[in-house]
Amino acid sequence: MLRTILSCLAATLLASSAWAQSSGSPTLDAIRARGAVTCGVSGTNPGFAFADSRGELRGSEADFCRAVAAAALGDASKVKFVSLTSTNRFTALQSSEIDLLVRTATWSLGRESSLGLLFAGITFYDGTAFMVHNSSGVHSAKELDGATICILPGTTTELAVADYFRRTNMHFTPVLIDNVAELRAAFRNGRCDSYSTDASALASFRSSEGAAAENYVLLPEVISKEPLGPLVRKGDDKWFDIVRWTHFAMLTAEELELTSANVEGSLGSANPDVRRLLGIDGDLGRSMGLDSRWAFNVIRQVGNFAEVWDRTIAPLGVPRGQNQLWTKGGLQYAPPIR
């Protein structure tokens, strides 16, 4: 008995010593020192990051923050959420106020080449759309000539809408308000003829309106490509790898039909892909400075990509569409974990 206790103690001390060593990632080392991942989110977007009745942030973006914490620290609850606006989100990451930005940010050349930031992947394929009041009788974006349109400043929506109206030889007047709640109130109260942002965010807004949702119509046109994903600072390759491969691990888990409910029972699987993903064979986590069970922790504590989608995005009435796995006709594709 004493020998067993001493062996366990020695193993614990060895693990603690290894944990204390530098991971090769300044960001990960800082996270471990403070004991939490600091993650920038909107905090005002149902389905993505929105406080429930107990004040807990729920949504796909909040869950991705938790997934990264599960990978990096072994505990999905070790996240400090920071609510950010569309105008201060990038500076918060640049100044190291946060470790990771997961706030409906569109991947573009201009942003990646000039902000000192890197997009770690595409977690949501989206596009700019328009919403109008049902009473307006408008059924197409082609009927918006001369309209006033509510838009958040500092977003790609500004350019997408301007480009669309230029292409279609129409005119509009932007109403720019740097507060989501105030912007939506302006649209709700008729200050704007239309509200434009990502289609998913419009669906999120309409869903949050309850019985009043029938007062709003989402027009059919999607006028731009808006690939949304998490961002990290340039210069920390290992942290970039951790964030990117957390997303890929969740996709791979869905493809392998591993869920939060069955992953523990899959530790005895003979499938080599499952065994590598769960850290049974090989030691792929070490190359990122992580424990071999990093992906197991993500799946067990947060779930695979489909689980997150079904509990956060599906209730908004947003079809999965392009966000399906590549095996089901979608664009979500994970490189092999081997």
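Visitor: Which residue just after α11 takes a positive phi?
Guide: Gly303 does, at about 115°. Keep in mind that this is a predicted model.

Visitor: How many of the eight residues of helix α11 are buried?
Guide: Read burial by relative accessible area, with under 20% as the cut-off. Six of the eight residues in α11 (294–301) are buried, so the helix is largely enclosed by the rest of the structure. They are Trp294, Ala295, Phe296, Asn297, Val298 and Ile299.

Visitor: Which elements do the buried residues of α11 pack against?
Guide: They pack against α3 (60–73), α9 and α10 (272–277).

Visitor: Now a charged side chain. Where is Asp236 found?
Guide: Asp236 sits in the loop that links β15 (231–233) to α9 (237–255).

Visitor: What lies around Asp236 instead?
Guide: A polar atom of its side chain is 3.3 Å from the backbone nitrogen of Trp239. Beyond its neighbours within four places in sequence, Asp236 touches Ser25, Pro26 and Thr27.

Visitor: On to the sheet. What is the order of the five strands?
Guide: The order is β11-β10-β12-β9-β13, in an open sheet with mixed pairing. To find the edges, look for strands with a single partner. On average, neighbouring strands are turned by 30° against each other, direction ignored.

Visitor: How do β9 and β12 run, and how many bridges join them?
Guide: β9 (128–133) and β12 (194–198) run antiparallel, joined by five bridges. Within this pair, Phe130 stands opposite Ser196.

Visitor: Which strands does helix α6 touch?
Guide: Helix α6 (156–167) packs on the sheet and touches β9, β10 (147–151), β11 and β12. The direction of α6 makes about 80° with that of β9. Helix α8 (199–208) lies across β9, β12 and β13, at about 125° to β12.

Visitor: One last residue. Where is Phe81, and what does it contact?
Guide: Phe81 belongs to strand β5 (79–83). Its relative accessible area is 24%, which makes Phe81 partly exposed. Leaving aside neighbours within four places in sequence, its contacts are Cys39, Val41, Leu57, Ala62, Cys65 and Arg66. Compare sequence with space for Leu57: 24 residues from Phe81 along the chain, 8.2 Å between C-alpha atoms.

How values were computed. Residues are numbered from 1 along each chain as its sequence is written. This is a predicted model: local features need pLDDT of at least 70, side-chain atom pairs count only at pLDDT 80 or more; totals for chains, interfaces and linings use all residues. Side-chain values use heavy atoms; hydrogens and water are left out. Two strands pair if DSSP finds at least two bridges between them. Helices (H or I, at least four residues) and strands (E, at least two) are DSSP runs, numbered from the N terminus. Axes are lines fitted to C-alpha atoms, for helices over the stretch in contact, and angles run from 0 to 180 degrees between N-to-C directions. Contact means heavy atoms within 4.5 Å. A polar contact is a pair of N or O atoms within 3.5 Å; within protein, one must be able to donate a hydrogen and the other to accept it, and residues adjacent in sequence count only if both atoms are side-chain atoms. Buried means under 20% relative accessible area, exposed over 50%, partly exposed in between (1.4 Å probe, protein chains only).
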